[in-house]
Amino acid sequence: MGLLFLGTPLTWDEAKNHADHVRNHGITQFLRIWDRVKDRTGDELLWGDEVEYMVVAFDNETRNAKLSLRRTEILKELGSNVGALSSDTSPPASVPKFHPEYGRYMLESTPGSPYTGSIADLLSVEANMHYRRALARNHMKEDEIPLTLTSFPRLGTAGVFTEPYYDPENAKSSHSLFLPEEITNPHARFPTLTSNIRSRRGSKVAINLPIFEDIRTPQPFVDPTIPWQRNIYPEDPEAKNGAALINHIYMDAMGFGMGCCCLQLTFQCCNVNEARRMYDALIPIGPLMLALTAASPIWRGYLADVDCRWNVIAGSVDDRTPEERGLEPLKNDRFIIPKSRYDSVDLYISSSWANKPAYNDTTVPYDEAIRNRLLNHGIDELLSKHIAHLFIRDPLVIFSETIDQDDDSSNDHFENIQSTNWQTLRFKPPPPSSSIGWRVEFRSMEVQITDFENAAFAVFIVLLSRAILAFNLNFYVPISKVDENMQRAQKRDAVRSQKFFFRKDVVPPGYVIPAASLPSSEPSSPSEDGEPGVVTHIKDRKLRNCFPTLARPPIIDDGSVEDEYEEMSVKEIFFGKGSTFPGLLGLVEAYLETLEATSDERKQIDKYLDLIRGRANGTLQTTATWMRNFVRSHPAYKFDSVVSQEINYDLLTAIDQIERGTLRVPELLPEDYGQPRLNGPHQTNQQPMC
């Protein structure tokens, strides 16, 4: 969501004059934080999720599902009546939090306090998500429903897709051909962000997704719904002058990307070094989880030939100038920047011996003066380069009232740039004067349509993160291969059609993961006899956060890393390949063997893992595949790639029924996914993590 201030936002022409000031003081604020907490260690596992909803209004008479723009009123009611409960829910000890997002139709929810490492908290996630959804629904109109959709299928169509309706001719911040001004959160940050991205870039953003070529899709496909001849804003001719590509779905505004919803997780780590290690380990996992959670195959009322949101959001906030994009020689700008500020991670940052220089194999521009300043302060090369790379970006929104800050007590200038580098992972220093520790945010996943699915993916990532730490796992592959994996992950039916670069041997030399080589259906106890090279554990009742660091081997080969990885199918990555790689699910199961869980607790965890298994082996469809098949099997579909108002209404009705548990779809979800939950909402009194 970013920083929300009440104040006077600066236009781009005004803000760019303060960019160096924000960068300079942002680094000062980071260094003040670093000096205070660089040696902090021993923090317990605290973690949280962020789930985003779209408020959808169903007009049963016209059979139209529209985005309700009443989010402000709903949030106000939630704020004043948050203790009110629907008749079928019980209040948790800490009331959940609801936040605004970019779209005026969007809600973000988080637990009122973070989950701990207890197994009970792990198994309370689904109930907590269910409670949050029920609470939100209880403060909406009868025809409004909070749906966890990644992208709204008919956002930006020529018809009526919002309630109430507004004309896009008044799109004064985005100048969009398709989206009205009123679709954006009215807080000054959001229209300013939209306008300043356009102004800095020197044109509107241009997003093009390949059309899904069905039997009767016109060839070539030239979108008849684009108002090609509109002449209101200076950028209106861009579409016909080449911004809108043939055989593609064209989008031209920040709202198409930042109007998407996702599922994000944030973990508190034991210390800064463990946070850096966790950050690196999850980088290669990001594309895999994007593919597994794929949920956005429909854009502007058309079926696309991709399944995910990622490139749409990357394009929607791409503020790079033509020079920075390499389209013109550098004259006024300092860098050619290969990626949008919303994209996959560019650098591994761990100081661990396992992080070889060869893994950071892409061109990463950075501010040399900032890097030198950090180095001179005693920060190591990798972290200095990471921060200096983030800070090549300009601050996009500056409020006049916040230009001058107390760098000892504020981190607002640091976060102004840090929080607008939207990458697959985010390395998060502690806020000033806070009990919160070093954190890592996992950001690649698409939100799923049921609380069961969202909880399952959250539980899986939490358990995988513990396996990474407990077993000192090594997932390193070159960053260039992670970038390639991100593109493959978005392709149609990527789980079944694509292969991904992944490491062949993830276990440190000389170490054995307990039970990792056994089939997943055969439980096994970890070794407790202290044999050399065997990871031993006394069974824990709680998910630990601090683990011994793996000793550096006497000899490390820093040469070619090409033999360390290969292309694997998603099934192989999750279920294992050969005798040395047990698969991600095998690693999670091995970690579960180190926990003292009851049979009922393990049964519930296995239900969540069964969803991951089904998605990974292809027996359960991704949300994107299910949605595409729903459209193509609809009686009103003409096999021309068009998702009509009627089809969209029926699709979203079915999604609501699936979430409520009144419609069973065994091709998407396990048969028993709606069984009663083991635990109620969790009970902790910690500060919010996210």
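The legends below describe an overall view and several close-up views of one predicted model.

The model is predicted, so that local features need pLDDT of at least 70 and side-chain atom pairs count only at pLDDT 80 or more, whereas totals for chains, interfaces and linings use all residues. Residues are numbered from 1 along each chain as its sequence is written, and side-chain values use heavy atoms, with hydrogens and water left out.

View 1. Helices (H or I, at least four residues) and strands (E, at least two) are DSSP runs numbered from the N terminus. The C-alpha trace spans about 75 × 60 × 50 Å along its principal axes. For 690 residues a compact globule would have a radius of gyration near 26 Å, and the 24 Å of the chain agrees with this; the radius is taken over C-alpha atoms, and the globule rule is 2.2 Å times the number of residues to the power 0.38. Of the 690 residues, 62% are buried, where buried means under 20% relative accessible area, exposed over 50%, and partly exposed in between (1.4 Å probe, protein chains only). Among contacts with a separation of 6 or more, 79% are between residues 24 or more positions apart, a contact being heavy atoms within 4.5 Å.

**View 2. The disulfide between C270 and C546.** A search of the whole structure finds one disulfide, defined as a pair of cysteine sulfur atoms within 2.5 Å. The sulfur atoms of C270 and C546 are 2.0 Å apart, and the torsion about their S-S bond is about 100 degrees, so the disulfide is right-handed. Because C270 lies in the loop between β9 (263–268) and α9 (272–282) and C546 in the loop between β16 (499–503) and β17 (565–569), the pair ties together parts that are 276 residues apart in sequence. C270 counts as buried at 4% relative accessibility, whereas C546, at 28%, counts as partly exposed.

**View 3. The loop between β6 and α6, with P164 and H175.** The peptide bond leading from E163 to P164 is cis, its omega being near 0 degrees, and P164 is placed in the loop between β6 (162–163) and α6 (189–201). H175 is found in the loop between β6 and α6 as well, and its phi is near 60 degrees, a positive value in a residue other than glycine. With a relative accessible area of 10%, H175 is buried.

**View 4. The cis peptide bond from Q219 to P220.** Omega of this bond is near -5 degrees, and P220 lies in the loop between β7 (207–210) and α7 (239–243).

**View 5. N472, a residue with positive phi that is not a glycine.** Phi of N472 is about 50 degrees, and N472 is located in the loop between α15 (451–470) and α16 (479–489). At 15% relative accessibility, N472 counts as buried.
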